[in-house]
Every structure is written in C-alpha cells, then in structure tokens.
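I opened this one with my notebook beside me, and I am jotting down what I looked up as I went. Have a look along with me.

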Amino acid sequence: MYSLDTAVWEITLKCNIHCLHCGSSADNMTRNNELSTDEALDLIEQLAELGCKRVVMSGGEPFLRKDWAVLAMRIRDLGMNVSFISNGYMINQDIIDILKIINPVGISFSLDGGCAETHDYIRGKKGVFEKCIKALRETSKAGLYSSAVTSVHKKNLDELDNILEILMDNNVCAWQVQTATPQGRMPKELALNEDEYYSLAKFIAEKRKKYNNIIRIYEADCIGYYSVLSKDLYCKNWKGCQAGLQVIGIESDGTIKGCLSLHGKPFEEGNIRQKSLKEIWESKENFKFNRRFSPDMLRGICKNCKWGAICRGGCTEKAVTCTGSPYESPYCLYKYEKNHNIC
C-alpha cells in the first residue's frame, strides 16, 4: 500500500498573466467544468481520509478562485498543511490578512527575472515584477513563510545572481530553482543545453554553501543526480520520482495524475466525479509508470547506469517531454561528469 504524502492541486486553470514558459498554457479562461465548491470540499475530505499530510494550492493563479480561502481553511481544519504557489499579482492587504488566519506552511511566488524588463517579458505582462517583489516583501513582513520559485531557461540564466540579491534584500526565506520544460507555451529553443544545465547546478551548490545561513536555496527534482556536487545540493538523497508513490496532482476538473506536469491521457488515472479518490489511489491499474518500475525498463543513457535502480531515470516530466520515455533522463549531472571526466 502506498502512503499519500502531498497533493499538488491546480484549483483553477485560469490565470491573469501569460507566461512564456507555462507548461499548462494557462490564460484568462477558466477550464470547462471546474470543480464546484461542494465538490472541492468533498475532495478535501477524501484527501484527509487517505492520510494526506500537505496540499499545495496552485493554478493557473489560485487567488483567482473565489472560494480559495474556504478551501484552504478546510484543509487546515482537517489537520493537513496547506501552501500556495502564486505569481503575486493579486496580493494585497486583504489577502495577506486572510493568509495570516489560515497560517499556511508556505507561500511561493514566481520570480523569473533579475529586473523588470526580463521578468515582465517572460511573464507576458508589464508591472508583474514590481507586484511580485511587493508580494514577497509584504508577506515576509507579515510573518508568513514566503519563498520564491525561478524557472530557468536561456532568457534568465544570466540573471540568477541578481534574483538572489533581490531575495536576500527582501528577507525571503527560501528559493527553489528549477529548469523550464519545453511543453505548453515553452519553446524548445529556450531550453538549457547540457553545459548550461551543469553550470546551473554549480551555481546552486556554490550559493547554497555560501548563503545557507541567510536563505535556503534548493533545486527542484528536475536537477540531479548522484553528482560530485551532491554534497552541496538538496537532492543528495534522491530516490526517484515520487509521482503516484507519495504524491499526486489534481487538475481543476477533478482529474487525478501522479504529477500535474505529466500531460496526456496516459497519465490521467481517473476523475473524482466518476470514482472516489481512494479507489483511484489504491487501484492496481493506476500509476503503473512508477509503481511497476524495474531497472530493466531504463533506456538510453540510463540503461546501464550504476545508479539506475535508485534514480529510476530522474524526473519523469523531463524524461517524457524530452525523450518520450519515463525511463531516460535527458539531463543528468552524473552523466555529464562521466562524459567530461569530472570527479
């Protein structure tokens, strides 16, 4: 039996900006047939019954959903932790006051440029940079655990030092760095190449070591694995993608996936309007890409890797998007070091 730890819930696909790298192609239109308040509250009950420990409310832009606070309070009332991922554009004192009552374990704002010109270009709307910085500053001042998330590609790779300086100047608690994946609106030509990918990992390791007493810097699951850099990286104990093992993604219409970033019918495990969450989670036919993994499924560069049985092919989203297989990581620090005699 698998134990559900975290649910990442896209409570609405509607968004008030138009990001260049959005994997979901979110815009100002609400997805047809999104869950009603009653359906969403019932889903929260089902998450609690399964023993879920944390619910991450995302979008789209989660604060565009009118009942976001009702849902978040219910999550907390049932003993689960709640956190948010937002672009920061809507954050004002009224929302901050509500957040202080809810007391989320964290609220993350997407900051993708070290200056307004870059961030606003990537986010597709003027003024988003200033709104994001204000959101980070004001939530931090209010005593909320505010953090930043940066999706790195060729347009902003050279601005990471500037972003870090901004975050430290505004007393931001943590910074998650991830690579943008070429799906949705993200053009393939903006994806990092292997050299850029390795330089990003080195940046994270160096800054983490230098500033760990000031700001918690960590890489997302798409950056790794089993590298000489691992001692200074967050992923040093990487044990493979947890989609469908400890984590699920929930789309705004009630569709259940192992991970929200895995697109397409093969990764849709059911919908809570047709089956209970318990039925979907406990079905032996679901999440097969991960639950039935064995090392002989590994392909390409991962096939004969000594870490393959543990690593399981790295980030499934990256693998599927870039190679078509869940079992071949397109980006791997260990592979890079092996090919370049780095030890």
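I began with G60, which sits in the loop between β2 (54-58) and α2 (68-77). For my labels, helices (H or I, at least four residues) and strands (E, at least two) are DSSP runs, numbered from the N terminus. The model is a predicted one, where local features need pLDDT of at least 70, side-chain atom pairs count only at pLDDT 80 or more, and totals for chains, interfaces and linings use all residues. Residues are numbered from 1 along each chain as its sequence is written, and side-chain values use heavy atoms, with hydrogens and water left out.

Y225 belongs to the loop between β7 (216-219) and β8 (247-250). I wrote these down because most peptide bonds are trans and most residues other than glycine have a negative phi.

Next I looked up phi. N103, in the loop between α3 (93-102) and β4, has a positive phi near 60° without being a glycine. Its relative accessibility of 45% makes N103 partly exposed; buried means under 20% relative accessible area, exposed over 50%, and partly exposed in between (1.4 Å probe, protein chains only).

F287 is not a glycine either, and its phi is positive at about 55°. I found F287 in the loop between α8 (277-282) and α9 (288-291). Is F287 buried or exposed? F287 is buried, at a relative accessible area of 0%.

**Helix α4**

Which residues of α4 (residues 116-123) are buried? My list reads T118, H119, D120, I122 and R123. Their cover includes β4 (106-110) and α5 (128-141), going by contact, that is, heavy atoms within 4.5 Å. After α4 comes G124, with a positive phi near 75°.

**Cysteines**

I then searched for disulfides, each a pair of cysteine sulfur atoms within 2.5 Å. The count comes to zero. C132 is in no disulfide, as the nearest cysteine sulfur, in C19, is 10 Å away. C132 is buried, with a relative accessible area of 0%.
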